[in-house]
Amino acid sequence: MDATQLAFGDRSFDVVFSHSVLHHLPEPALALDEAVRVLRPGGVTWLSLHLWTSDTGSLDPRVMRGDADLPGWPHLRPSAAGLALQNAWVNRLRLADWRRLFEDRMPGCRILLDTDQLAHLAPAARRLQDAGELRDYDLEELLTRSLRVLWRKPPAGA
């Protein structure tokens with residue numbers, strides 16, 4: 001079913017769950033609007049997505065497995081253009097864009113950032129920025145692999 005045009009009535013579900021879908025949609029805002037629409041008041045949402053600006057954001061399987069002999073963030077660096085395989089279409093929303101989308105549609109949501117690789121990747125990201133690459137990106141978005149969003153829809157009349 002098309003996540004941007006769900007065939008369910010308003011307030012049909014107690015839980016909305018989405019894992020690794022939103023970053024593949026050209027208009028994820030429409031899917032979020034639908035998730036909010038079909039969720040009952042008091043219902044909960046759990047969403048996760050992979051961040052395009054992360055080191056693995058290209059979703060190149062070689063990079064995802066960690067067995068590629070590729071430079072860091074190859075999909076973001078002009079000097080590495082074409083090295084990352086584009087096996088899956090990924091929208092290019094950045095961390096600030098995602099935050100805005102979630103906060104606008106799901107006020108009070110908790111946005112949890114997966115920064116497990118922070119200590120390992122921070123020096124490499126800083127070196128690249130010092131060398132003039134990746135300067136359009138802040139460290140937080142370069143070092144966040146995925147987001148999880150938790151939200152409880154306010155009860156009716158709240």
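# Close-up views of the predicted model

**A. R94 touches L51, T53, D136, Y137 and E141, leaving aside residues up to four places away in sequence.** Contact here means heavy atoms within 4.5 Å. The model is predicted: local features need pLDDT of at least 70, side-chain atom pairs count only at pLDDT 80 or more, and totals for chains, interfaces and linings use all residues. Residues are numbered from 1 along each chain as its sequence is written, and side-chain values use heavy atoms, with hydrogens and water left out. R94 sits in the loop between α2 (61-65) and α3 (95-105). Helices (H or I, at least four residues) and strands (E, at least two) are DSSP runs, numbered from the N terminus. R94 is partly exposed because its relative accessibility is 26%. The cut-offs are under 20% relative accessible area for buried, over 50% for exposed, and in between for partly exposed (1.4 Å probe, protein chains only).

R105 belongs to helix α3 and touches A29, L32, D33, V36 and W151, not counting residues up to four places away in sequence. R105 has a relative accessible area of 24%, so R105 is partly exposed. R105 and L32 are 73 residues apart in sequence. Their C-alpha atoms are 7.2 Å apart in space.

**C. The buried residues of α3 are L95, W98, L101 and F102.** They share one side of α3, because they cover an arc of only 130 degrees around the axis. The arc is that of the directions from the helix axis to the C-beta atoms. An α-helix has 3.6 residues a turn, so residues three or four places apart point the same way. The cover over the buried residues of α3 includes α1, β2, β3 (110-114), α5 and β4.

**D. Helix α1 (residues 28-38) is mostly covered.** Eight of its eleven residues are buried. They are P28, A29, A31, L32, E34, A35, V36 and V38. The buried residues of α1 pack against β1 (13-19), β2 (39-50), α3 and β4 (146-152).

**E. Helix α4 (residues 118-130) has a buried side and an exposed face.** α4 has 13 residues. From its first C-alpha to its last, α4 reaches 18 Å, close to the 18 Å expected at 1.5 Å a residue. That expected span is 1.5 Å times one less than the number of residues in the helix. L121, A122, A125, L128 and Q129 are buried in α4. They fall on the same side of α4, because they cover an arc of only 135 degrees around the axis. A119, H120, R127 and D130 are exposed, on the face of α4 turned away from its buried side. Cover for the buried residues of α4 includes α5 (139-142). G132 follows α4 and has a positive phi, near 100 degrees.

R11 and L59 have positive phi values without being glycine. R11 lies in the segment before β1. Phi of R11 is near 55 degrees. R11 is partly exposed because its relative accessibility is 47%. L59 lies in the loop between β2 and α2, with a phi of about 60 degrees. L59 is buried because its relative accessibility is 16%.

**G. The protein chain holds five helices and four strands.** From the N terminus on, the elements run β-α-β-α-α-β-α-α-β. The C-alpha trace spans about 55 × 30 × 25 Å along its principal axes. Of the 158 residues in the protein chain, 41% are buried. Among contacts between residues at least 6 apart in sequence, 75% join residues at least 24 apart.

The accessible surface of the protein chain comes to about 8,700 Å². Carbon and sulfur atoms account for 52% of this surface. Accessible areas come from the Shrake-Rupley method with a 1.4 Å probe, and for residues only the protein chains shown count as cover. The protein chain has 19 positive and 21 negative side chains. The centres of these two sets lie 3 Å apart. Lys and Arg count as positive and Asp and Glu as negative, while His and the chain ends are not counted. Each charge is placed at NZ of Lys, CZ of Arg, CG of Asp or CD of Glu.
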